[in-house]
Every structure is written in C-alpha cells, then in structure tokens.
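This report walks through the structure shown below.

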There are 2 protein chains.
Amino acid sequence: MNPLTSFDARTGASHGEALTPSTAADIDTAVQVAHATAPAWGSSDGAQRAALLDGLAAALETDREALVALADRETALGTGRLNGELDRTAFQLRRFADIARRGVPFEVLDDPAVPGAPPVGHPAMVLQRVPLGPVAMFAASNFPFAFSVLGGDTASALAAGCPVVVKAHPGHPHLSQRVFGLVQRVLAEQGLPAGLVGLVQGAGVEVGVSLIRHPLIAAGAFTGSTRGGAALQAEANARPRPIPFYGELGSINPVLALPAALAAKGGELATTLAASIAMGCGQFCTNPGLIVLVDGADSERFVAALTEALKAQQPHAMLTAGMRQAFASGVDRWRMLGASTLVQQPDNGSAPGPQLLQVPAPRFLAEPALQDEVFGPASLIVRAVSTAEVLQVLAAVAGSLTVTVWGADTDTADNRALVRGAMAIAGRVLFAGVPTGVAVIAAQHHGGPWPASTAPMTTSVGDAALDRFLRPVCLQDAPAWLVARGGQPC
Amino acid sequence: MNPLTSFDARTGASHGEALTPSTAADIDTAVQVAHATAPAWGSSDGAQRAALLDGLAAALETDREALVALADRETALGTGRLNGELDRTAFQLRRFADIARRGVPFEVLDDPAVPGAPPVGHPAMVLQRVPLGPVAMFAASNFPFAFSVLGGDTASALAAGCPVVVKAHPGHPHLSQRVFGLVQRVLAEQGLPAGLVGLVQGAGVEVGVSLIRHPLIAAGAFTGSTRGGAALQAEANARPRPIPFYGELGSINPVLALPAALAAKGGELATTLAASIAMGCGQFCTNPGLIVLVDGADSERFVAALTEALKAQQPHAMLTAGMRQAFASGVDRWRMLGASTLVQQPDNGSAPGPQLLQVPAPRFLAEPALQDEVFGPASLIVRAVSTAEVLQVLAAVAGSLTVTVWGADTDTADNRALVRGAMAIAGRVLFAGVPTGVAVIAAQHHGGPWPASTAPMTTSVGDAALDRFLRPVCLQDAPAWLVARGGQPC
C-alpha cells in the first residue's frame, strides 16, 4: 500500500512524515480490541461515561494551540473557525457527558402486568435500551474536529455505551493521529482500555470497506459524499448480517427568498446569503446551494445585490486538491446543462472564486443533474413564476438537510403550502438567517430524506444522536434481581 | 397474468371466483390516489384519525361472523384463534385511535432561543414530526387480520397521518378483498377519500416489486420471510431515492431452559413448550424454534417429557401447500446436517406432525444452516455443556425477535452473563411463559437484530410502531402564525 501523505491545504506541498495506512490485520485488531471492551463499557454507569467525555473535552482544550495549528495546516479552514469548531466539539462532548450523567441511556418504560386475557391482559414488561456494540465511525473532511475523531458520532456512541473505531479522513491524517493520541492519554489516565476508541487510516476505499465489513462491527456512522456514503451503506446491507448505517450524505439546502422578505430587506439578505455561500469556502453540508426566487422586481434587485455581494467574497483554499477539482467540474456541469452565469470569479491560485448561476425553473425541473450538490462556494438560482412552480422545485429536490424560507411571516394559503412543501423534504426548516451553523441542542434535527441521510428518522447532531446507538429491548416478567438493577444484568 | 386463486387451506381445493391480479396500471393508480390523499390526511387532527380507526374496528366486529368463516376457510387457523385475532386487531385499531386522539403524532419538543454566540447561544427551535407519505404495506400469511389489510402496520400508519397501499397476501385473497370492501364502506361513511387505503393483489413477486419501486411510495412495511423481506429491502435501497423499509423477517426464538427451572417444574414447562411449538401449526414469528439446554439429569428428564408432550400435539393444516412443503424440506435439512430425531410425527393427510430434533452445541456452532428458521411445528434442541457454550450458541443466533430464559431467578454471575447474552441478540427477553403471544402495549418491542428485523431500532407491534411513519423536522425561528398552529402549516 502507498504511504499516506499529509498535504498543506494552502500550498499543496506534502508535510510531515508519511503515515503507514492500516493493513487488514490492523483493522481486524482495532475491531477485536474494541469489541473486547464492549461488555464492560456497555455496563458502565453514567458517571463513568461522563468522566471520560468531560476528560476528552478538557484534553482538547488543553492541547488547543497545537491542534488548531495542525488542523489549519491540513485544512486551510483558518484559526478563527477552527478555534470555534474546537469549542463546539468540546461542548458536544460535555453535552453528551451531561446526557449520560442524567441517566438518559438507562431510562426505562415500565408497563406493569395487567390481569386478564389478551389483548387487554398482559405480563409485566419493561422497555429499555442496550448499546449496539462497536461503531465504525467515518470522519468527514470538512469538520476536522466536530465530525472527526472526537466528533458528535464518537461522543454520542461513547455516551450510549459503545466502543468506536474511527476511520480517519485522509484530508487531515496528522491531526487525526494527534487527537487519537490525546484520546489514548485520557483513556490511560482514567484506567480505561486503550481499545475503547480505535483509529484506522487510509487514503483509498479499502480501509473503510474492510471496516464496515468486519463481522464484529455493529453499526456505521458516516458524514461525507453521497457516492462514498451510498457505497458504504451498500456494504453494510450486503453483509451476511446487515447492520444499521447512519450516513449523512449530500444536501443542496434550498433557500426560498419570497418577495415579501426581499421587498423589506433584500439588500441585507443578499449580504448575509453571499457570506453563507462563501463561508468555509462553501464546504458545509448546510451550504446554501440553491436559491429559489419568484419572478418580480424585488427578485431582480435581489439578484443584482447578491451578484455584487458574492463578487466581494474571497474564499480561502479548499480542503484538498481533489475537492477543488470536483468543485470546478460541478460548476462546469451546471453551465453545460444550461445554467447562465452571474458570478464567475477566477481561481486566485490557492482558492476557487465564488460562482453564481441561474436557470429558469422548467429547465431545473427537466434536468435532474442540476439538482446534484456542488460542494464549494457556488449557488444556483432557480427562477420560478408562481408558488406552484416553487412547490415543483422543492418536490424535485426531494431530500435536503435544510430548507430556508424567507418572507413567510403572514398566514396565507401560499405560505402554508410553501412551508408544507419545505417540511416535506427537509430535516430542518429555517425562517430567518442562513442554514450554515447547526445548534447542538435537544430540538436539533440534522438529517432528512435521501440523499440528506440514509436514515432520515435519525439525527447526527443534537441530543437524539444518542438514540442511533441504543437498541430497544423489552424485558418480560424480569426477575426481581434484574428489576432491582434497573434491567442492567452486569 | 394468471388469475389469483383462493384455496381451501384444509382441502387444497380452489374455492370462490378467481381474482384478477393487479396490473402495473392498477398499482400505479392505487399509489397515485393514495398520494393524492396524503396532504389532507397528513393535516387531519387526532379526532378525525381516531374516528376512522374506531370506525374500522367497529366494522370488523360487525362483520365478524362472515370474516372469521372466510378466514378459516382460507387459512385453516380455526375459528377460536381467528376470533381472538379479530379481537386483537380491533384492539390495535382502537389503541392507535387513542394514541391519535391524545395527540401523540403532534407532540413537539420546544427549545426556546438562548442569546449569545454558539455553541451556547442558538435561535428558537421546535422539533416536531411529519407523516412520511404513502406506505406500501406487505401483509403476512399467518395473521390474516392482525398483520394484514387492517393490521398493526395499517393502523399505525393511518394514525401517523399516512395513506396506505396494502399488498394482500395471496394466501387469503378473498378475505383481503372483503376486509378492503369494509374499509371502503367506512371511508365512504366518514366522507373520506377512497384512496386513503388501497389494495393490490398478486401471487408472484411482480406486484410487490412494482409497489415498492413506485416513486410516490414513501416507506415499506413488511412481515414475512427472510428471503422475501430481504428482496424487498434491496428494492427499497436500489430506488433512485431509497426509502425507509421496515421488514420483520425470520426469527428462531431460542428458549434457554436452565437446570434451576427444570428441577423445579420441568414437567409443566415441557407441556407449555410443546403447546407453544404446535400452536397455530407453528406458524408464528415468535414460535420457539430452538431449545438450549445445559447437560444434566434435569435436562434429560425435560427432553423425555417434551418428547412425550409434543407427540400428543395435533397441529391443524398449514396455511398453504407451499409452506407445508417448505416445512418438510426444512426438517429434512436439519437431519441432513446431523440433527438426530426425537419426535417425527407423520403427516396426517391434511396437516404436518410435530417434529423435535437435537444436536450437540459444537455441531450447531459449526453449521450456520442449522440456525435457519424452519417455519412450522418443529423445534431443534441444542445440547450445551456449559454457560460458556450457551453464550456461544446465543452469539451464533445473533438476531431474534425473542429469547426466553427460564431459571435465572437468582442473581449469579452465570445468570447475569446469560441475560446479557440474550439481550444482545433479541428484541424481547422473557423470563416466564412462552414467546408466542405478543402484547400490544407501550413497552412492547417486536423487532431485533437481523434477520428479526431490517430496522432493529423499530417495533412493528406496540405503541412505538407509530414512530416508523413520522419523520422529525426542526423548525427554526418559526413565524408566529405557524407556532400558533402547533407547527402544522395546514
């Protein structure tokens, strides 16, 4: 196997020592040792899980300076953003610590016996949840902290009582290795087995495929491209015994800017939206990739303002050379499919320029490939002539992490229909602001119909992320000793 | 297409008029009209949903005599059992009526805005749920009421606000048509659109495949064989836009009879278990297909008592000729794979005789095909020599709707380990009684790791069956009018 090289995301130059990709034997060992930790960690109490998660959060903060510097070199995301992302990652770890401490993974639903014949009568039954076992976690390119080694998937799986084997993203191999070292230090300090969190690395598809195929892996969690996620999901389903696979894949995040909003504050919204399109060089799963407008003077003015505002944006370098090439190809494809150009800022050498294109709604509806995500600082405006046509556009998108609706502040039949159409395809519907920025709270839902998620009833961000790794089990006529232990046998 | 013939399950003779299988155009129409009802039904309130479900329950009871007679002819399950099943089906419909009336599908999780910068500060967010849309429901052979046209899947989907298109099971086509007529009558009486519940029929795989492939179908729910369910799940995943598929497939339901229980009341347990093996001619997804014993004098006595008790059982005819043939082949396969015979009651002309075989645990562990479900009145005894070997047997089974553990009443290290091993593979663990009989309550979990279910976090029986058809959506900064409407746009 070729060595795994880390590149400076700004210069493209390799830096640091090349890492050795994980072999099949390495992967097997990582899963075996993770599996060996599953019984004890699955039986740990909330205090113990919380102590680990709190310890990991503190360790991230302690090593902040070195971690952010390394992350910035490998991703070019900038130290401001990366410090904020580290804060969020520590916040997530502490939030799941709190969830574990409050006993959420151990909650039970008690259904005492009812005498008599069925269907009314029934034995004593208690519903609780058990950890699934070792989780294969596939890190994302674009959040080197928050969706990587110690990201939300790892935090929620550990809180649920599951060991984790992380497949590092090859875009930040040194950072992944360094964070993994930090995890190992905390595990050792707390007297926990090293195998509770494993790390495997590799630039090709082989390492990830071997990991999801391993018979002792109990679930997969993935954040990344539609193509990669779909391939891994197919692997999870093709196992002799299929396992749950939680994939957060692509999303184009339509922003529906209605005349009511544009008349009131179109200029301000154009500035806000331009910043959201270019932020992080557009490398967010919630990046607004589609803007839907209803023809009229307000929309014309908004397009002009957005065009100017976007030209003024200067994105930083993309995460990898491959992503930059995919971005250029994606915008070219839009053009070939009939989209006309509004903003075509040139590549500045290290970073792509922002791009804005537009198509009439009938063209968008006739060409499914225009609905594919283009990952980067670009957005496609779709011009509709009526509410009915806007609804057709939303229905064609069919699945998205978010839909943003600006200007639906009054209760009209049109607004009801539009909100309904937005809710039908999205995991989150926003009525103000921009979709980038995902709060880590109880009411968050970061998911949605395919391709936003392979499991649209689940979320990968927020408190309910925990539920993905706990399987319900009903205990019927449980003996007294087991009831006394809250249904936890050991 | 060949006409769809109904057979008398006892005599094998065809009876009644042959039905015309649904054509591709019929299926398309059924889905189109179901889809057309989705917006209005998805916006209906709890009272309206409850009225429909209550009306359907009452209509089943009104037509009880004719329905049970027809069901008995097509299934041979007996009028006693079928009257009980009709009771359960009406009970389920009323239970979901109550769930809708109490507003469960409309519950929201409110996360008021917190001022300040992220990750602590966040906008106002409300989490609620939206109905998925038209559900393709694949009826089971073995529960012509409770898992068929008006079964739990239909009841829970309607309560969730989803239209349903039922693919009838070809084992009871006339009953399905008759129950569908009853549904249409109730829909008309309540002024609801006929398309809210559709029915398609067909004996081959084509009808089911066309249904799950239809672009307007939003989810699938299936109860049946591992092979059929896996094929439909693959179809659901192979769609241009994959959809959730809830399949309840095969299950061998291990019964772990520990010496402590056998010493105390082995004779009584043998009688109970024999009845459970033969009940309904073994045609239950919770039929105890595997009995795990630890060698010793109590187990020897239990095997002798079970052998005698099972010989005395006289099962009724099986549901279809095809199932009877599959049963005979399955038992033959056990024998070819090295299982020795304890009970081999002959076929009595219309019904198979009960079968009991046994193998040593090492043989069971070495031969994965011995772990396949044999649907019918047969059980395989696995003889283990130690707790460790019992745990290996459970781990080899890997997925089952239920595990029954008799004799774990005291808190010992062995019992803890065994309960843990049982919980690791099952959706329900019983400590008394037999797995047949599934209470329809809040704490029920009828599911489990593959092949028990394609979606092990969900249940097809009990209150949480509703959750399969409601997708979470987060509303961020929702306008006042939408908040005032409880987040329901129309």
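A residue is buried if 20 or more other C-beta atoms lie within 10 Å of its own, exposed if 12 or fewer, and partly exposed in between, with C-beta atoms placed from the backbone.

## Basis of the model

This is a predicted model, in which local features need pLDDT of at least 70, side-chain atom pairs count only at pLDDT 80 or more, and totals for chains, interfaces and linings use all residues. Residues are numbered from 1 along each chain as its sequence is written, while chains are lettered from A and ligands numbered from 1 in the order in which they are written.

## Chain A overall

Chain A has 490 residues, and 60% of them are buried. Its secondary structure comprises 15 helices and 17 strands. These are DSSP runs, numbered from the N terminus: helices are H or I with at least four residues, strands are E with at least two.

How does the radius of gyration of chain A agree with that of a compact globule? A compact globule of 490 residues would have a value near 23 Å, and chain A has 24 Å, which agrees. The radius is taken over C-alpha atoms, and the globule rule is 2.2 Å times the number of residues to the power 0.38. Along the principal axes, the C-alpha atoms of chain A fill a box of roughly 75 × 65 × 40 Å.

Contacts come next. Two residues are in contact if their C-beta atoms, placed from the backbone, lie within 7 Å. Among contacts in chain A with a separation of 6 or more, 75% come from residues 24 or more positions apart.

## The nonpolar core

A nonpolar core is a set of buried Ala, Val, Leu, Ile, Met, Phe, Trp, Tyr and Cys residues joined through C-beta atoms within 7 Å. The largest such core holds 340 residues. Leu53(A) and Leu53(B) touch the most other members.

Which residues does Leu53(B) touch, not counting those up to four places away in sequence? They are Leu93(B), Arg94(B), Phe96(B), Ala97(B), Ala100(B), Ala155(B), Leu158(B) and Ala159(B).

## A helix pair in chain A

Two packed helices are described by the angle between their axes and the distance between the axes. Helix α13 of chain A spans residues 387-397, and helix α14 of chain A spans residues 413-425. They pack at an angle of about 5°, with axes 9 Å apart. Axes are lines fitted to C-alpha atoms, for helices over the stretch in contact, and angles run from 0 to 180 degrees between N-to-C directions. α13(A) and α14(A) are therefore roughly parallel to each other. Angles under 35 degrees count as roughly parallel, over 145 as roughly antiparallel, 65 to 115 as roughly perpendicular and the rest as oblique.

From α13(A) come Thr387(A), Val390(A), Leu391(A), Leu394(A), Ala395(A) and Val397(A). They meet Asp414(A), Ala417(A), Leu418(A), Gly421(A), Ala422(A) and Ile425(A) of α14(A). Nine residues of this contact are nonpolar, two polar and one charged. Ala, Val, Leu, Ile, Met, Phe, Trp, Tyr, Cys and Pro count as nonpolar, Asp, Glu, Lys and Arg as charged, and the others, Gly among them, as polar.

## Where the chains meet

In the contact between the chains, 62 residues of chain B touch 62 residues of chain A. Several elements of chain B each supply at least two residues to its side, including α4 (79-101), β4 (125-131) and α14 (413-423). Which element gives the most to the side of chain B that touches chain A? It is β17(B), with six residues. By class, this side of chain B has 39 nonpolar, 11 polar and 12 charged residues.

## Backbone details

The peptide bond from Pro118(A) to Pro119(A) is cis, with omega near 10°. Pro119(A) lies in the loop between β3 (109-111) and β4 (125-131) of chain A. In chain B, the bond from Pro118(B) to Pro119(B) is also cis, with omega near 5°. Pro119(B) sits in the loop between β3 and β4 of chain B.

Ala76(B) is not a glycine, but its phi is positive, near 65°. Ala76(B) lies in the loop between α3 (64-75) and α4 of chain B. Is Ala76(B) buried or exposed? Ala76(B) is buried, because 23 other C-beta atoms lie within 10 Å.
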